[in-house]
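Please open the model in your viewer and keep a selection tool at hand. The stops below are meant to be taken in order.

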Amino acid sequence: MLNNPISTLLGWYSQRCFLCNITHIEAILKSYKEKIKCPECRKQIIFGKKLFEALMIFLNMKHDNLSDFSSDKQAIATINALFRIIKNHGISVMKIGIPIYVVFDITNKCNLKCIHCYSSNKKSELSKNEIFKIIENLYETGVGLIDFGGGEPLLRDDIFDILSYSKDVGLYTSITTNGTLLNNESLKHLKNLNIDHICISLDGFKPETHNYIRNKKGIYDKVINGIKNCKSAGIDTQISTVIMKKNFNELKNLFNLLVSLNVDSWYVYDFIPAGRGNEMKNQQLNPKERQQLFSMLQEFAVSSDISIKPYPYSITINSASEKDTYFYKQYGMLTEFFMGCLTARWVCHISSNGDLHPCYLLPQKLGNLKQKSIKDIWFDKKNPILKDLRNRKLLKGNCGICKFKDVCGGCRARAFWNTEDYLESDNCWIKN
């Protein structure tokens, strides 16, 4: 555990200013790019910068581009969480990690039946008060960002109470939705509670493609209207696309569509055959297609203001890229700090009944948050799943011999759904 003076300092800089309500860390980051007007924040900046830069050096992170983080709310929330984690648990916890980002599927109810849905197994739902207790526990442990999903989260009658509570606790709060329920009334609520972003699923440029993947006719136009309504409401609008053979050839046109819609970010997921998707393994891209996908996204990223986030590549294979490529410049520092695959280390998943999983694509149950705190589960040294997933020496096949395994680790979920062994090799394009 850190000594008391340093713990106190880290705790102080993760607190909010009583005048302007931003954290001292956020003020420090903003000061690299602009003059800070708040007199109270200005008092914190001089020493705070030195402390912050010393911590970055200690964690082997460069601080050359800290100004880039000043306008990135997710990056600020991540850094705030790191300060709280070190303050609460000590610097040694960096070797294990604590979930900074949590996917919380608060319902299995859905108005669609997507062919690739990972959460197709029906489970009971937590009550609103049970969710509130878990949210508090997550924040106290060190979580910084939480994304509420499902099912379709907007089908819960108390969804706006849950989102509001998460914001009040201090978490970066987002929601992932299929977009069909984003009408004026729901968007008014989301805007009023100042949600940090909305992520909307769009899996095809052609209406018939999206409707096929989402397994319901006539919803494409509803989704497009939902995206337009989000933008009109002034809400940070992010798009999620799962790439498979069915829609691979529509990628360029889909990108152009998103540019015309002026969306803020685009999450591009390489299809992993989890849940219901396990019945369609033939839709997975092969290694050559994955490399083509990554290359195309690199080209798109430099020609647009849209923030493109390819998963799992931005947190795994990115470090094997050339150092002058777009995604390395954007995410290389974070990739190498977090050491690739975040499963069982920096991310986790909570199902609608409170079960805790290593990530949202791995079904292995670590415990239940109605029965134990996340801290008690996460630091259980006897848990065989956590021990396996945190030890890169146990990786098998090409991942086990790959020179990038310590900064990549492969996607453990894809390995599991293809081989039934989460330690097996991920099927990427890197030659060993």
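The model is predicted, so to speak of a local feature requires pLDDT of at least 70 and side-chain atom pairs count only at pLDDT 80 or more, whereas totals for chains, interfaces and linings use all residues. Residues are numbered from 1 along each chain as its sequence is written, and side-chain values use heavy atoms, with hydrogens and water left out.

**Empty spaces**

Rolling a probe the size of a water molecule over the atoms shows where empty space is left. On a 1 Å grid over the protein atoms alone, a cavity is a set of points where a 1.4 Å probe fits but cannot get out, while a pocket is an open set with protein on both sides within 12 Å along at least five of seven lines, and a lining residue has an atom within 4 Å of a point. Grid points are joined across faces, edges and corners, and a volume is the space filled by probe spheres set on the points.

Select Arg 16, Thr 23, Asn 80, Gly 170 and Leu 171, which lie nearest the centre of the second largest pocket among its 29 lining residues. The elements giving two or more residues to this lining are α1 (4-13), α5 (73-89), α6 (128-141) and α7 (159-169); helices (H or I, at least four residues) and strands (E, at least two) are DSSP runs, numbered from the N terminus. The largest share, 7 residues, comes from α5, and the pocket has a volume of about 660 Å³. Its lining has 8 nonpolar, 12 polar and 9 charged residues, where Ala, Val, Leu, Ile, Met, Phe, Trp, Tyr, Cys and Pro count as nonpolar, Asp, Glu, Lys and Arg as charged, and the others, Gly among them, as polar.

How many cavities of 30 Å³ or more does a search of the whole structure find? The search finds 1.

**Helix α12**

Next select residues 287-302, the 16 residues of α12, which reach 23 Å from the first C-alpha to the last, close to the 22 Å expected at 1.5 Å a residue (the expected span being 1.5 Å times one less than the number of residues). Colouring by accessibility picks out buried residues (under 20% relative accessible area, with exposed over 50% and partly exposed in between; 1.4 Å probe, protein chains only), among them Glu 289, Leu 293, Phe 294, Leu 297 and Phe 300. What covers the buried residues of this helix includes β5 (237-243), α11 (251-261), β6 (265-270) and α17 (412-419).

Move to Thr 177 in strand β3 (residues 172-177), which is buried at a relative accessible area of 2%. Its side chain makes a polar contact with the side chain of Glu 152 at 3.0 Å (a pair of N or O atoms within 3.5 Å; within protein, one must be able to donate a hydrogen and the other to accept it, and residues adjacent in sequence count only if both atoms are side-chain atoms). Leaving aside neighbours within four places in sequence, the contacts of Thr 177 include Leu 154, Leu 182 and Ile 198, contact meaning heavy atoms within 4.5 Å.

Asn 368, in strand β10 (residues 367-368), is buried at 6% relative accessibility, and its side chain reaches the backbone oxygen of Asn 353 at 3.1 Å.

Leu 361 lies in the loop between β9 (355-357) and β10. The C-alpha atoms of Leu 361 and Tyr 118 are separated by 6.7 Å although the two are 243 residues apart along the chain.

**Backbone geometry**

Most residues other than glycine have a negative phi, and most peptide bonds are trans. Select the bond from Gly 150 to Gly 151, which is cis with omega near 20°, and then the bond from Tyr 311 to Pro 312, also cis, with omega near 5°. Finish at Ala 344, which has a positive phi of about 65° although it is not a glycine and is buried at 0% relative accessible area.
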